[in-house]
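Here's a quick walk through a two-chain model, from the inside out. Have the viewer open while you read.

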Amino acid sequence: MPKFEILLQAIVNGILIGSIYGLIAIGLTIIFGVMRVINMIHGDLIMLGMYLAYWFVVLIGGGELPPLLVALPVFFFIGCLIFRTLVSPVAKAGGEMGTLLITAGLSLAVTNFVQLIWKADYRSTPAQLVSTSYSFAGLSVSSALLFAFFTSAILVIAVSIFLMFTETGRAIRATAQDQEAAMFMGVNIEKMMLIAFGIGVALAGTAGVLLTPIFYVYPYVGFVYIVKAFVVVVLGGMGSIVGAALGGILLGVTEQLGTLFISAGYKDAFGLIIFVLVLLFRPSGLFGRSRL
Amino acid sequence: MELMEKRNFNLIYSLIGLAILIAIPIFEPSKYVMHILILVLLNVVLGQSWNLLGGFGGQISFGHAAMYGIGAYTSTLLYLKVGLSPWIGMVLGGLLASLYATILGYITFRLRGPYFALSTLASAEVIRLVAQNWDTFTGGDDGLSIHFEIASRVVEYYIILGVVVGTILVMYAISVSRMGYYLSAMREDEDASRAIGIDVTKLKVLTLAISAFFAGIGGSFFASYQLYFNPHVVMTVHTSMQMIFVSIVGGMGTIVGPVIGALLLVPIAEIFRVISPAANLLIYGLVIVVVMRFMPEGIIGLRKKFLRK
């Protein structure tokens with residue numbers, strides 16, 4: 001039985017890391033909720049966000065904030081581009097399976113393109129981003145994790161306010177609930193889907209920036225996170241933002257505790273097993289159905 | 001009448017194709033050419049395996065790598081621990097993959113469409129993590145290698161050719177049987193087919209089990225052919241994707257589709273592999289994007305479109 005402090009430390013780290021998982025999953029869940037697209041390229045966008053932060057800091061210098069501010073609009077634009085050129089035309093013709101497969105293909109292409117140009121090397125955190133730790137009541141918390149936690153929280157709240165209280169947000173939620181009905185009410189559903197896809201992708205990119213000081217950067221890293229995001233989305237209920245945020249934290253804590261009590265090698269397996277169990281026994285998610 | 005004619009037509013083409021394939025080793029092609037041919041044939045088997053479930057049945061699986069991996073480990077471990085010939089182990093590998101698929105199917109087929117796809121991905125990842133972490137049994141990340149003398153590459157070629165013929169015969173038999181019609185009914189409308197009395201769950205599990213058998217055989221063959229493999233080679237999601245791509249590019253839901261897909265994709269991939277493995281997968285990804293975007297019915301679909309005009 002590990003000491004109480006170690007246990008507490010694992011839980012705190014789990015919550016902080018889990019907030020990034022939540023951010024990733026919210027992007028995925030918005031895209032799924034609004035247009036029934038399982039965005040298989042989500043992980044690669046996180047990976048691109050990580051590289052963006054990495055190169056930004058290596059070439060220009062500075063902390064995490066500048067690349068974060070660059071990533072938001074850049075990834076929003078990338079999202080719109082992917083939606084317009086690939087996802088939207090295929091969604092009309094091939095439905096859910098078509099978009100699943102085309103985004104999977106695009107993911108493979110992007111991953112390997114990055115591997116071609118930047119090699120498969122594991123790149124560790126640039127010196128400018130190495131975090132300091134704060135000690136508090138026997139716990140030590142890294143500044144990068146704290147930054148990630150607060151940034152995620154701000155972004156999640158901002159997205160929620162946007163969806164709940166703005167005209168566009170309402171139109172997006174209407175599209176998520178019933179596309180045809182929304183269309184009859186004069187909502188431009190194509191545009192709403194475009195915005196939703198852009199937001200989802202922007203969140204993936206920023207999550208990548210936040211992860212850069214915490215984990216290695218390499219071309220295949222996106223797969224690690226997209227699998228986690230699937231787990232979280234299913235935990236929280238497909239299409240639920242609150243569920244995704246809570247699910248992220250739950251997964252973060254589970255992983256940390258699993259590493260502590262069982263073994264680090266199986267760390268990723270815990271999430272996957274929970275994933276299958278939840279899909280089977282509570283397909284609407286742990287927190288019930290609260291849709292977009 | 002017309003249907004009969006079309007069948008005879010297809011039969012003639014298939015026999016000509018088979019005759020050419022049987023004759024190829026007589027001309028003593030280089031080892032490299034034989035290697036590519038063997039890979040093409042292996043991918044025909046894998047494409048057929050995935051296509052039965054995904055193309056005919058409309059159930060997208062991202063987890064066939066697990067069955068492929070189970071096949072590879074079964075025959076190799078049986079050879080290493082008991083000394084059983086991998087060519088017999090191959091059948092056992094297929095059967096074990098089938099068994100795994102049956103259990104998996106009963107658990108995950110309560111889920112539909114994309115949810116099923118995600119659950120296959122997750123379960124395959126769990127199997128891969130087990131293979132990576134169970135060092136004492138599976139060799140962990142280092143994988144397994146065997147020293148197994150095979151008569152020659154020509155023999156291996158004929159073995160995989162035999163597997164291809166067997167696979168295609170089974171697929172053909174299924175496609176013209178009641179099960180084949182049930183499968184297309186299920187693909188088009190699951191609720192309607194349930195309503196007319198098709199036991200959809202049983203059908204799905206049976207299809208997955210048959211599909212897994214061939215993926216497992218493919219995995220065993222790969223292991224005995226390459227003499228070395230590790231979880232990163234055989235069990236990642238890329239292995240599953242490869243099977244998907246072979247059947248999509250050729251044309252899902254047809255028997256000739258995966259054949260065309262493998263004939264086209266494998267040589268392209270091998271050419272680009274010379275540059276780097278990443279280039280090879282990059283091309284695969286781009287091909288799939290282009291195919292899904294502009295010809296969702298694959299190359300077969302193009303021909304149909306052309307004939308209709």
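The largest nonpolar core has 191 residues. A nonpolar core here is a set of buried Ala, Val, Leu, Ile, Met, Phe, Trp, Tyr and Cys residues joined through C-beta atoms within 7 Å. Buried means 20 or more other C-beta atoms within 10 Å of a residue's own, with C-beta atoms placed from the backbone. The residues with the most contacts inside the core are A:Ile24, A:Ile26, A:Ala196, A:Ala229, A:Val231 and A:Val233. Helix α3 of chain A (residues 65-118) gives the most to this core, with 19 residues. Helices (H or I, at least four residues) and strands (E, at least two) are DSSP runs, numbered from the N terminus.

Take A:Val231: skipping neighbours within four places in sequence, A:Val231 is in contact with A:Leu251, A:Gly271, A:Leu272, A:Ile274 and A:Phe275. Contact means C-beta atoms, placed from the backbone, within 7 Å.

A word on ground rules: this is a predicted model, where local features need pLDDT of at least 70, side-chain atom pairs count only at pLDDT 80 or more, and totals for chains, interfaces and linings use all residues. Residues are numbered from 1 along each chain as its sequence is written, while chains are lettered from A and ligands numbered from 1 in the order in which they are written.

Zooming out, chain A has ten helices and two strands, running α-α-α-β-β-α-α-α-α-α-α-α from the N terminus. Of its 292 residues, 53% count as buried. Among contacts in chain A with a separation of 6 or more, 79% join residues 24 or more positions apart. The C-alpha atoms of chain A fill a box of roughly 60 × 45 × 35 Å along the principal axes.

Now for the partner chain. The contact takes 34 residues from chain A and 33 residues from chain B. On the chain A side, α3, α8 (221-236) and α10 each supply at least two residues, and α3(A) brings the largest share, 20 residues. Here's that side by class (nonpolar: Ala, Val, Leu, Ile, Met, Phe, Trp, Tyr, Cys and Pro; charged: Asp, Glu, Lys and Arg; polar: the others, Gly among them).

| Class, side of chain A that touches chain B | Count |
|---|---|
| Nonpolar | 26 residues |
| Polar | six residues |
| Charged | two residues |

One helix pair is worth a look: α10 of chain A (residues 267-281) packs with α5 of chain B (residues 113-133) at about 145 degrees, axes 9 Å apart. Axes are lines fitted to C-alpha atoms, for helices over the stretch in contact, and angles run from 0 to 180 degrees between N-to-C directions. The residues of this contact divide into ten nonpolar, two polar and two charged.

Key
Buried ≥ 20, exposed ≤ 12 C-beta atoms within 10 Å, placed from the backbone. Contact = placed C-beta atoms within 7 Å.
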